[in-house]
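Good morning, and thank you for coming.

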Amino acid sequence: MKNSILIHTCCAPCFGNVYKELLPSFDIISFFYNPNIAPEFEYNKRLEELRRFSRIKDFEIYIGEYDNKRWTTSIRGYRFLGERSERCWECYRIRLEGTFRFAQKKQISMVGTVLSISPHKDADVINRIGKELAQKYGIEFFEANFKKGSGYKKAMEISKKYGFYRQNYCGCIYSKMERGKNSLWYQKSICNRQV
């Protein structure tokens, strides 16, 4: 019998290859906990794609509370720092801590996340936060850098195979506003990174 692992999942495209990689060793439970995603229409679109994949592959999925207002308040001091900054690190922490709490409630002894599959995410920071939370909650953390070994490329191939909706920004409203290089938000975040 395989051990269960609760995998924090941000979207079906990121989950696809992680699911494939871990399936031989674990009973995988997906936890969609992403209060960072905005607007709510985008959140629902990503959630529905994950639900569709769960119907195809028959894995269990749980959905965490969507409280974008609380997330925005927590991140407020970091909002102009841009991607791959303390803003993202705090976001990782919020989502991973929510995952550990849920694992504790459901008595699941191991937690992981798909976040490290993205070329825009810092696997070292994600793993450091995961290990800190593992100590705090007494739950094992599955350390990984899923982008290694062409993980991201394989994830995109799986996305194409299943026709997943693929978003063009990480998820938070700040990352969306930073997509436009001519936007005032992008200019402000660039200035803050140079200070």
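Charged pairs, strands and loops

Let us begin with Arg-46 and Glu-42, whose side chains meet in a salt bridge at 2.7 Å, N to O. Please keep in mind that this is a predicted model. Where do these two residues lie? Both are found in helix α2, residues 40-57, and they are four residues apart, about one turn of the helix. Arg-46 is buried, and Glu-42 is buried as well.

Glu-49 and Arg-52 form a salt bridge between their side chains, at 3.0 Å from N to O. These two residues also lie in helix α2, three residues apart, again about one turn of the helix. Is Glu-49 buried or exposed? Its relative accessible area is 13%, and buried means under 20%, so Glu-49 counts as buried. Arg-52, by contrast, has a relative accessible area of 25% and is therefore partly exposed, since that class runs between 20% and 50%.

The third pair reaches across the sequence. The side chains of Glu-143 and Lys-131 meet in a salt bridge of 3.7 Å, N to O. Glu-143 sits in the loop between β5 (140-141) and α6 (151-162), while Lys-131 sits in helix α5 (residues 123-137), so this pair ties together parts that are twelve residues apart in sequence. Glu-143 is partly exposed, with a relative accessible area of 44%, and Lys-131 is partly exposed too, at 41%.

How many salt bridges does a search of the whole structure find? The search finds ten. There is also a network of salt bridges, which links Glu-65, Asp-67 and Arg-70.

I turn now to the strands. Strand β1, residues 3-8, and strand β2, residues 26-32, run parallel and are joined by six bridges. Within this pairing, Ser-4 has Asp-27 in β2 as its bridge partner. To pass from β1 to β2, the chain goes through helix α1, residues 12-22, and this β-α-β crossover is right-handed. Strand β1 also pairs with strand β4, residues 110-113, in the parallel sense and over three bridges. There, His-8 stands opposite Thr-113 in β4.

Next, let us consider a helix and check its length. Helix α4, residues 86-106, has 21 residues, and at 1.5 Å a residue it should span 30 Å. The C-alpha atoms at its ends are 30 Å apart, so the two values agree. Just after α4 comes Gln-107, which takes a positive phi of about 60°.

Finally, some points of backbone geometry in the loops. Which kind of peptide bond runs from Ala-38 to Pro-39? This bond is cis, with omega near 0°. Pro-39 is placed in the loop between β2 and α2.

Arg-84 has a phi near 65°, which is a positive value in a residue other than glycine. Arg-84 is located in the loop between α3 (68-75) and α4, and at 45% relative accessibility it counts as partly exposed. Ser-150 likewise is not a glycine, and its phi is positive, at about 60°. Ser-150 lies in the loop between β5 and α6, and its relative accessibility of 42% makes it partly exposed.

Thank you for your attention.

Technical notes: Residues are numbered from 1 along each chain as its sequence is written. This is a predicted model: local features need pLDDT of at least 70, side-chain atom pairs count only at pLDDT 80 or more; totals for chains, interfaces and linings use all residues. Side-chain values use heavy atoms; hydrogens and water are left out. A salt bridge is a side-chain nitrogen of Lys or Arg within 4 Å of a carboxyl oxygen of Asp or Glu. Buried means under 20% relative accessible area, exposed over 50%, partly exposed in between (1.4 Å probe, protein chains only). Two strands pair if DSSP finds at least two bridges between them. A crossover is right-handed if, with the strands pointing away from the viewer, the path from the first strand over the helix to the second runs clockwise. The expected span of a helix is 1.5 Å times one less than its number of residues.
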